[in-house]
Amino acid sequence: VCMSFSLHAEADAPAPRRGERVRQEPIRLQAEQEGEALSRDEAADVEAALLLSLQEGEEAASDDVDLEAAPSDEEQSEEEEEEKQAAPAAPGAWHTSAVLREPPRMARHVAVGAPMRLPAAVSRLSLLQLFLTPALTDSWAQLTNAAAGAAWPPTDSYELLAFIGVHIFMGIDSLPKRRMYWQADTRHATVAEVLSRDRFESLTRYLRVSPPEAAAAPRNPFSFVRAFIDSLSHSFPRHWNPGRHLALDESMVSFRGRSDIKQFVPGKPHPHGYKIWVLANENYMLQLQLYQGKAAAGPSIHDMVLQLTQLYRNTNHVLYCDTLFTSPTLVASLFNVGIRVCGSVKRNRIGMPSAAELPPARLAAIPRGAHLQMQRDDVTLCAWRDKKLILLLYNHIDPNQLTSMQRWGEDGAIYQLGCPQAIRDYFHHARAVDVINQLHYSYLPGRKSRKCWTRLVWWLTDICILNAFRLWQVQHPDESHLTFRTTLAHELMECLPPDRRPRCGAQAPAGAPALAKDHYSLLTQVRGDCKRCSHQPDRRVTTFYVCAKCRAHLCVGACFAAYHE
């Protein structure tokens with residue numbers, strides 16, 4: 001049997017001068033496929049004619065001779081050699097052939113993801129509360145009050161929702177310093193009329209989302225968000241029925257401060273920060289797992305992939321991943337649990353073809369738009385060249401299916417490059433995590449902080465917002481991401497009752513006409529600006545004394561008396 005591979009190259013055309021942008025007719029795959037079909041028909045005709053001639057020769061020989069002559073030793077050795085060549089390849093060995101074997105067909109599965117148990121009439125806030133549940137925000141309020149102590153007015157879930165809405169608005173309309181939202185010349189009424197500056201800074205300082213852990217390392221941020229991540233790992237997959245295509249990739253939480261588990265991943269838009277493994281489907285995040293570094297002795301990449309895909313076994317899913325995860329061992333492990341794989345792979349992975357089976361010179365000789373395919377059992381290795389060589393390992397589709405993709409040429413023209421169908425599937429379905437990262441960094445919530453875990457809290461909160469946006473898109477596909485975030489921010493800020501909002505900062509609040517026993521100076525542990533003598537921009541006086549009735553910071557003496565006139 002002749003060992004061959006298929007090369008689909010670009011048509012030879014004289015390249016125009018460099019710098020000229022000439023519109024050329026795209027290279028069509030149809031003509032090439034018609035030529036291949038014609039060549040296969042001609043080969044079939046030749047084989048049929050040869051078989052007919054052999055049959056006629058046998059009939060003529062049977063008329064002349066009654067008994068067949070015994071074959072000679074030379075003829076017998078030739079037959080044995082032909083049988084040896086025609087025998088199938090040994091199991092576990094990579095081989096090439098003109099027609100590759102199709103893997104076992106997958107059962108039918110829903111191709112498009114959809115929400116689960118979603119009512120007909122919902123609001124943006126109700127979708128967000130599928131993940132930031134009232135029970136979760138109530139626990140945040142209790143942890144925040146415990147961290148702040150008894151010296152400040154306790155917070156609740158309604159104020160924390162308004163606090164999150166303020167952060168969303170700050171991500172949309174960003175200023176260099178957060179105090180500028182309350183200053184006279186740069187004041188934003190949307191923010192200043194919901195939370196005062198001091199209250200906002202106090203919530204930022206004392207916010208807690210996970211109970212403290214006694215045995216946690218002092219600089220390990222995972223101990224401060226462990227309960228939050230566990231809650232999202234249960235709520236994310238409960239509200240989305242994923243389609244057939246799953247995407248696995250790493251996501252970076254931007255952070256440049258000090259932390260033991262901070263990573264540097266070159267090539268990322270935000271290379272410094274925390275690395276999180278993410279499983280997504282159609283721009284909806286299903287599972288996540290924080291990478292805690294080598295010192296944490298966590299699971300290997302192989303075991304991590306099996307953990308993230310545990311809920312989707314034996315349900316006819318296809319997992320798309322990049323070279324960090326893909327290996328022949330992983331493909332075999334996922335196939336045993338009912339998950340197919342399509343992912344780019346490195347040349348030096350264990351189980352890949354050796355240099356004798358796939359010489360490097362053979363890969364280097366592949367021109368742009370051509371491909372070479374090899375098989376081992378039901379797994380296919382495809383080498384396809386665009387501007388660079390791509391190695392793809394897959395077992396989810398028939399390797400004989402061919403298609404084309406549009407690509408820009410060096411002369412500025414658009415070409416139709418031939419490729420296997422698996423290449424096109426990989427380019428279209430492996431980018432769900434990248435889309436989520438783009439949406440996150442479009443309107444980044446949260447403010448800078450010295451704490452090593454604050455950025456993780458706001459990244460997780462924003463993922464809840466993005467998943468709510470994906471659910472909202474099912475019924476409102478025309479609404480933009482910016483419109484959704486703006487409306488959601490106002491809905492969150494409206495959760496705070498009007499009687500708990502600050503009064504206008506331009507007017508000094510008048511003292512109540514009550515008896516002196518209600519208004520008196522009270523020493524507290526919280527320092528604040530005096531309402532009377534700190535109203536000028538160039539002057540600031542702080543004090544620990546507040547009015548017991550008005551709860552306003554006032555200097556003892558003249559400021560206290562003048563404020564209550």
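Reply: Contact means that heavy atoms lie within 4.5 Å. This is a predicted model, in which local features need pLDDT of at least 70 and side-chain atom pairs count only at pLDDT 80 or more, while totals for chains, interfaces and linings use all residues. Residues are numbered from 1 along each chain as its sequence is written, and side-chain values use heavy atoms, with hydrogens and water left out.

Me: Which residues is asparagine 467 in contact with, leaving aside its neighbours within four places in sequence?

Reply: They are Phe131, Phe236, Tyr284 and Met285. Asparagine 467 itself belongs to helix α14 (residues 454-475). Helices (H or I, at least four residues) and strands (E, at least two) are DSSP runs, numbered from the N terminus. The chain has 16 helices and 15 strands.

Me: What makes asparagine 467 count as buried?

Reply: Buried means under 20% relative accessible area, exposed means over 50%, and partly exposed is in between (1.4 Å probe, protein chains only). The relative accessibility of asparagine 467 is 1%, so it counts as buried. In the chain of 565 residues, 42% are buried.

Me: Why is asparagine 395 called buried?

Reply: Its relative accessible area is 3%, so asparagine 395 is buried by that rule. Asparagine 395 sits in the loop between β11 (389-394) and β12 (402-408). Apart from neighbours within four places in sequence, its contacts are Pro103, Val331, Phe335, Arg340, Val341, Asp378 and Val379.

Me: How do you know that the side chain of asparagine 395 makes a polar contact with the backbone nitrogen of valine 341?

Reply: A polar contact is a pair of N or O atoms within 3.5 Å; within protein, one must be able to donate a hydrogen and the other to accept it, and residues adjacent in sequence count only if both atoms are side-chain atoms. The side chain of asparagine 395 reaches that nitrogen at 3.0 Å, which is within 3.5 Å.

Me: Why are α4 and α5 described as roughly perpendicular?

Reply: Axes are lines fitted to C-alpha atoms, for helices over the stretch in contact, and angles run from 0 to 180 degrees between N-to-C directions. Under 35 degrees is roughly parallel, over 145 roughly antiparallel, 65 to 115 roughly perpendicular, and the rest oblique. The axes of α4 (residues 134-148) and α5 (residues 157-172) come within 8 Å and cross at roughly 100 degrees, so the two helices are roughly perpendicular. Thr137, Asp138, Trp140 and Ala141 of α4 meet Ser157, Leu160, Leu161 and Ile164 of α5.

Me: Which helices do the buried residues of α7 pack against?

Reply: They pack against α4 and α5. In α7 (residues 197-206) the buried residues are Arg199, Phe200, Glu201, Leu203 and Tyr206.

Me: What makes phenylalanine 163 and phenylalanine 200 a tilted aromatic pair?

Reply: Rings of Phe, Tyr and Trp (its six-membered ring) pair if their centres lie within 6.5 Å; planes under 30 degrees apart are stacked, over 60 edge-to-face, and the rest tilted. By this rule there are 16 aromatic pairs. Phenylalanine 163 and phenylalanine 200 have centres 5.3 Å apart and planes at 50 degrees, so the pair is tilted.

Me: Why is the pair of tryptophan 182 and phenylalanine 200 called tilted?

Reply: Their centres are 5.4 Å apart and their planes are at 45 degrees, so this pair is tilted. Both tryptophan 182 and phenylalanine 200 are buried. Ring pairs link Phe163, Tyr181, Trp182, Phe200 and Trp458 into a cluster.
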